[in-house]
Amino acid sequence: DVYLDEFSQKARQNGFKVHFASDAEEAGRIILNITKGVHAQLISKSKSMVSEEIQLNHILEAAGLRVVETDLGEYIVQLREEHPSHIITPAVHLRREEVGETFHQRLGIPYTNDIQELTDVARTRLRQTFLDTDIGISGVNMGIAADGSICILTNEGNGRMVTTLPRVHIALMGIERLVP
């Protein structure tokens, strides 16, 4: 609790708006209020286990918002209307032929199972999403109490795009991510 108080005080001094939610329902309400406050329609997301745990996509979509996962594996399973199969590699269970068929059916492209072509299609589609998005949502790897900063680690450029291009960035962090 000491570190939480220190983090929230310092984060506010840094210009963050800090919200606390006691459960998934409250977190959903807070995030929906933020989306309404900025008249958001399109949300881009970087991989976030907290958002999976609170079923954030379902909450946002039920409110009429368009949500796009921007991590390549998350994007693929979102198009398939599936849940991620693994925390690090969400589409590890799929073969390239299945991804090709998904892109053919959901994105209207000619069927291909060429990995480079499929990646290029996703990159092109997601690039426009990054440019058009109203709110970016990401997880947080660490919240640093001493200075009120957050650390977000990613192996794809989508994390930087989601956190810097939109006019609003929502960083979801569980208390277990707090470090002194």
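A residue is called buried here when its relative accessible area is under 20%, exposed when that area is over 50%, and partly exposed in between (1.4 Å probe, protein chains only). Helices (H or I, at least four residues) and strands (E, at least two) are DSSP runs, numbered from the N terminus. This is a predicted model, in which local features need pLDDT of at least 70 and side-chain atom pairs count only at pLDDT 80 or more, while totals for chains, interfaces and linings use all residues. Residues are numbered from 1 along each chain as its sequence is written, and side-chain values use heavy atoms, with hydrogens and water left out.

**View 1**
Along the principal axes, the C-alpha atoms fill a box of roughly 55 × 30 × 25 Å. Of the 180 residues, 40% count as buried. Contact means heavy atoms within 4.5 Å. Among contacts between residues at least 6 apart in sequence, 63% join residues at least 24 apart.

**View 2. The surface and charges of the chain.**
The accessible surface comes to about 10,300 Å², and 51% of it belongs to carbon and sulfur atoms. Such areas come from the Shrake-Rupley method with a 1.4 Å probe, and for residues only the protein chains shown count as cover. The chain has 18 positive and 25 negative charges, whose mean positions are 5 Å apart. Lys and Arg count as positive and Asp and Glu as negative, while His and the chain ends are not counted. Each charge is placed at NZ of Lys, CZ of Arg, CG of Asp or CD of Glu.

**View 3. Strand β3, residues 135–139.**
Five of the five residues of β3 are buried, so this strand is largely enclosed by the rest of the structure. In a regular strand the side chains alternate between the two faces of the sheet. Here Ile135, Ile137 and Gly139 point one way, Gly136 and Ser138 point the other way, and all are buried. Two strands pair if DSSP finds at least two bridges between them. Strand β1 (residues 42–45) pairs with β3 in the parallel sense over three bridges, and serine 44 has glycine 136 as its bridge partner. Strand β6 (residues 168–172) runs parallel to β3 and is joined to it by five bridges. Glycine 136 also stands opposite histidine 169 in β6.

**View 4. Serine 138 in strand β3.**
Serine 138 has a relative accessible area of 1%, so this residue is buried. Leaving out residues up to four places away in sequence, serine 138 touches Ser46, Ser48, Ile152, Thr163, His169, Ile170, Ala171 and Leu172. Looking at β6 itself, Val168, Ile170 and Leu172 make up a covered face, and His169 and Ala171 an uncovered one.

**View 5. An open sheet of three strands in the order β5-β4-β7.**
The pairing in this sheet is mixed. β5 (149–151) and β7 (178–179) are the edge strands, each pairing on one side only. Strand β4 (residues 142–144) runs parallel to β7, and two bridges join them. Find glycine 143, and you will see leucine 178 of β7 opposite.

**View 6. Helix α5, residues 72–79.**
Six of the eight residues of α5 are buried, so this helix is largely enclosed by the rest of the structure. The buried ones are Gly73, Glu74, Tyr75, Ile76, Val77 and Leu79. Their cover includes α3 (49–53), β2 (66–69), α6 (96–107) and α7 (115–132).

**View 7. Arginine 80, in the loop between α5 and α6.**
With a relative accessible area of 27%, arginine 80 is partly exposed. Arginine 80 touches Leu94, Glu98 and Thr102, not counting residues up to four places away in sequence. Arginine 106 lies 26 residues apart from arginine 80 along the chain, and their C-alpha atoms are separated by 8.1 Å.

**View 8. Histidine 19, in the loop between α1 (2–13) and α2 (24–37).**
Histidine 19 counts as partly exposed, at 46% relative accessibility. Setting aside neighbours within four places in sequence, histidine 19 is in contact with Ile30 and Ile34. The C-alpha atoms of histidine 19 and serine 8 are separated by 8.9 Å, with the two residues eleven apart along the chain.
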